[in-house]
Amino acid sequence: MKKILLVEDDQSLNRGINFKLTKEGYKVFSASSIEEARENLREQEIDLIILDVTLPDGNGFDFCQEIRQRRNTLIVFLTACDQEVDVVTGLDMGGDDYITKPFSLTILISKINALLRRNIPSALGKIISKDLEFFPEKMVLIKKGKEIFLSKTELKLLTYLMKNPQQIITKEQLLSQLWDIDGCFVDPNTVAVNVRRLREKIEDDPSNPLYIKTVRGIGYTWNEGCHAL
């Protein structure tokens, strides 16, 4: 049974989401503050966190950064702000997805199901591409002998690109493969933001990328060859 940590200080909303997730078969742990969330993370192996941005003892963006220093747990932001800058901030801080209030519980469940469904490791031992060594089963990336930290979404993006090297991958394909079964409920900017974040971590010069090239008006391609061991 997958374990979800719900961090939301609106008690009515907290109860509603908790009830819906429990009916879907998830084990839910609720917190109404960052400190309560920390306690849950110390005691439980959590698969996904639903994180409100505005909390009584801090904000979700900062807490997300704190979490990312120690673990790769999936994080979905809940926010009342639907401005592009807030969405991009959440993704840049390490969030895997976001949803703006008010929202449909059905859409929230769809996002959670999609993230957890795509969080299944590959059976491949290792994929090598130039200076990169990627271990899909362990979800570990090594560059020149040094491990590079990636978020869950970045890891899934990397896996998909490296399994389809030197092919043009459309933005619609990435949306479908990584976020939702048909790309619904996801801002198209999500792809560009995550590609930019991944480039900043794996490229020597992100403005002149070696690995992930943009195919203008279409999508992206993994420019280097890959071989699996």
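Reader: Where does Asp 57 lie relative to strand S4 and strand S5, and what makes a stretch a strand here?
Author: Asp 57 sits in the loop between strand S4 (54-55) and strand S5 (58-59). Helices (H or I, at least four residues) and strands (E, at least two) are DSSP runs, numbered from the N terminus. The model is a predicted one, in which local features need pLDDT of at least 70 and side-chain atom pairs count only at pLDDT 80 or more, while totals for chains, interfaces and linings use all residues. Residues are numbered from 1 along each chain as its sequence is written, and side-chain values use heavy atoms, leaving out hydrogens and water.

Reader: Is Asp 57 buried, exposed or partly exposed, and how do you know?
Author: Asp 57 has a relative accessible area of 40%. Buried means under 20% relative accessible area, exposed means over 50%, and partly exposed lies in between (1.4 Å probe, protein chains only), so Asp 57 is called partly exposed.

Reader: Why are Glu 36, Glu 39, Glu 43 and Asp 57 called a patch of negative charge?
Author: These four residues gather on the surface, and both residue types, Asp and Glu, count as negative, with Lys and Arg as positive and with His and the chain ends not counted. A charge patch joins like charges within 9 Å, taken from residues with over 30% relative accessible area and no salt bridge; the place of each charge is CG of Asp or CD of Glu.

Reader: What makes the pairing of Asp 96 and Arg 68 a salt bridge?
Author: The closest N and O atoms of Asp 96 and Arg 68 are 3.0 Å apart, and a salt bridge is a side-chain nitrogen of Lys or Arg within 4 Å of a carboxyl oxygen of Asp or Glu, so the pair qualifies. Asp 96 lies in the loop between helix H4 (84-92) and strand S7 (97-100), and Arg 68 in helix H3 (residues 60-68), so the pair ties together parts that are 28 residues apart in sequence. Asp 96 counts as buried at 0% relative accessibility, and Arg 68 counts as buried at 7%.

Reader: Which parts of the chain does the salt bridge between Arg 197 and Glu 154 link?
Author: The side chains of Arg 197 and Glu 154 meet in a salt bridge of 2.9 Å, N to O. The pair links distant parts of the chain, with Arg 197 in helix H8 (residues 189-202) and Glu 154 in helix H6, 43 residues apart. Arg 197 is buried, at 5% relative accessibility, and Glu 154 is buried as well, at 0%.

Reader: How do you know whether Lys 126 and Glu 133 are buried or partly exposed?
Author: Lys 126 has a relative accessible area of 19% and is therefore buried, whereas Glu 133, at 27%, counts as partly exposed. Their closest N and O atoms are 3.1 Å apart, and the two form a salt bridge. A search of the whole structure finds 14 salt bridges, and Glu 35, Arg 38, Arg 42, Glu 66 and Arg 70 are linked in a network of them.

Reader: What does Ser 151 touch, and what makes that a contact?
Author: Contact means heavy atoms within 4.5 Å. Not counting residues up to four places away in sequence, Ser 151 touches Arg 68, Gly 94, Asp 96, Arg 197 and Lys 201. Ser 151 lies in the loop between strand S11 (146-148) and helix H6 (152-163), and at 1% relative accessibility Ser 151 counts as buried.

Reader: Which residues is Lys 20 in contact with, leaving aside its neighbours within four places in sequence?
Author: Lys 20, which lies in helix H1 (residues 11-23), is in contact with Leu 105 and Ile 109. Lys 20 and Ile 109 are 89 residues apart in sequence but 8.3 Å apart in space, C-alpha to C-alpha. With a relative accessible area of 27%, Lys 20 is partly exposed.

Reader: What is the phi of Met 139 and of Lys 144, and where do these residues lie?
Author: Met 139 has a positive phi of about 55° although it is not a glycine, and Met 139 is placed in the loop between strand S9 (132-135) and strand S10 (140-143). Phi of Lys 144, another residue other than glycine, is near 55°, and Lys 144 is in the loop between S10 and S11. Met 139 is buried, with a relative accessible area of 17%, while Lys 144 counts as exposed at 57%.

Conventions: Patches are made of residues with over 30% relative accessible area and no salt bridge: like charges are joined within 9 Å, nonpolar side chains (Val, Leu, Ile, Met, Phe, Trp, Tyr) within 5 Å. Accessible areas come from the Shrake-Rupley method with a 1.4 Å probe; for residues, only the protein chains shown count as cover.
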